[in-house]
Amino acid sequence: MPDWTSSKVELWMEEARKRQQYIGTMMIDSEYENFLPDEYKHLKLRIAYAMFGGPTKMVENDTEVDMDAYTTDQRNFVNTLFKSLKSNSSVVIKVAFIFIQFIRQTGSNNYEELQVPVIRFVSSKNKPAFLDQFCRVYSSWEDFLKWNELPEALCCYPRNGMYSIDHNNVVHVDFKESPRCFFGEKVIKVADSISIITIFVSLGLLVAGGISTLLFPPAATVLLAASAFTSAAAGAYSVGRNTVKLVDRGAHKQSVNPLKDDQARSCWLVAVGGALGVGTLVTSQHISALASEGEVASEILMATFNTLNVSSITFNGIGIVCQIYDLSQKV
């Protein structure tokens, strides 16, 4: 468990209040900024500045900053966020920027301090909504606090997701742990790790079974059956877990199209791999039933079993590698 009682964390909390006070006093004048269609380019610049700060390069002789001053990756990132805003807003896009400071523990007494922007906007349903750097749309501030994908950290943010002040001109802020600090998230994290290990164990058993087929056939049946059982166990979990992930993505306006989104593709790969793993177990049980009756499984049935087993592990393996890479790209 992270230690939020450290003197370093106490100092950070003081500084976080000061930062929020500074930001809040500058943004308290208006609830939203309105952007008409001919002002969308200015909105993109606002998003770029909030996400990346000022550009690292300037075009010579330019009198104002434009998106060309940002890198290609930064422009693509901004365009993705802008498209999400546009598709979930009315023609006049109304936005406000808030900032979350957070601290996470990286060692026994080491901490990392970070800041991320969140865009509050008026949705097409004329209600406040929130968009984060992962392009997730939240229907309310409570929805954001419950379902955001920030790392395990202690967060400082403006109360209710908007900057407000009391009669002494002090900006209201709150502190709260991110969802990944909660017990349920930790259980899921452990279960995910066990599932990954199980898939690799299944791969090892499958390889051993393949080798045994050539060197010691009697052992091959046991090893391949064990591979099927471990693959099915991980598969059943993978189907459920990644179905929940896809539902969550859809609920927060993220793409679930495996052809257009890397993270969605990872979920689909692992889910399909899990389903194949369950199919492998069913086939294995049928082969065992035939053997108990003194019958030998046909070559077609054995080929089906082997194909399902290899396919399950392949899909799962590729999906897991993709998910690990995607996580490495996040904050």
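Me: Which exposed residues does the face of α1 turned away from its buried side carry?

Reply: In this predicted model, that face of α1 carries Ser7, Leu11, Lys18 and Tyr22, and they are called exposed because the word stands for over 50% relative accessible area.

Me: What makes the buried residues of α1 line one face of the helix?

Reply: The buried residues of α1 are Val9, Trp12, Ala16, Gln20, Ile23 and Gly24. Looking down the axis of α1, one finds them within an arc of 100°, and therefore they line one face of the helix. Among the elements that cover these buried residues are β2 (93-105), β3 (111-122), β6 and β7.

Me: How do you know that the span of α1 agrees with what its 21 residues should give?

Reply: Helix α1 covers residues 7-27, and at 1.5 Å a residue it should span 30 Å; the end C-alpha atoms are 30 Å apart, so the two values agree.

Me: Why is the space in the largest cavity called a cavity and not a pocket?

Reply: The name cavity applies because a 1.4 Å probe fits there but cannot get out, whereas a pocket is open. The count comes to 1 cavity of 30 Å³ or more, and about 60 Å³ of space lies in the largest cavity.

Me: What lines the largest cavity, by class and by element?

Reply: By class, the lining has 8 nonpolar, 2 polar and 2 charged residues, including Trp141, Asn148 and Lys176. The elements that give two or more residues to this lining are α4 (141-147), β6 (154-158) and β7 (173-177), and α4 gives the most, with 3 residues.

Methods
Residues are numbered from 1 along each chain as its sequence is written. This is a predicted model: local features need pLDDT of at least 70, side-chain atom pairs count only at pLDDT 80 or more; totals for chains, interfaces and linings use all residues. Side-chain values use heavy atoms; hydrogens and water are left out. On a 1 Å grid over the protein atoms alone, a cavity is a set of points where a 1.4 Å probe fits but cannot get out, and a pocket is an open set with protein on both sides within 12 Å along at least five of seven lines; lining residues have an atom within 4 Å of a point. Grid points are joined across faces, edges and corners, and a volume is the space filled by probe spheres set on the points. Helices (H or I, at least four residues) and strands (E, at least two) are DSSP runs, numbered from the N terminus. Ala, Val, Leu, Ile, Met, Phe, Trp, Tyr, Cys and Pro count as nonpolar, Asp, Glu, Lys and Arg as charged, and the others, Gly among them, as polar. The expected span of a helix is 1.5 Å times one less than its number of residues. Buried means under 20% relative accessible area, exposed over 50%, partly exposed in between (1.4 Å probe, protein chains only). The arc is that of the directions from the helix axis to the C-beta atoms. Contact means heavy atoms within 4.5 Å.
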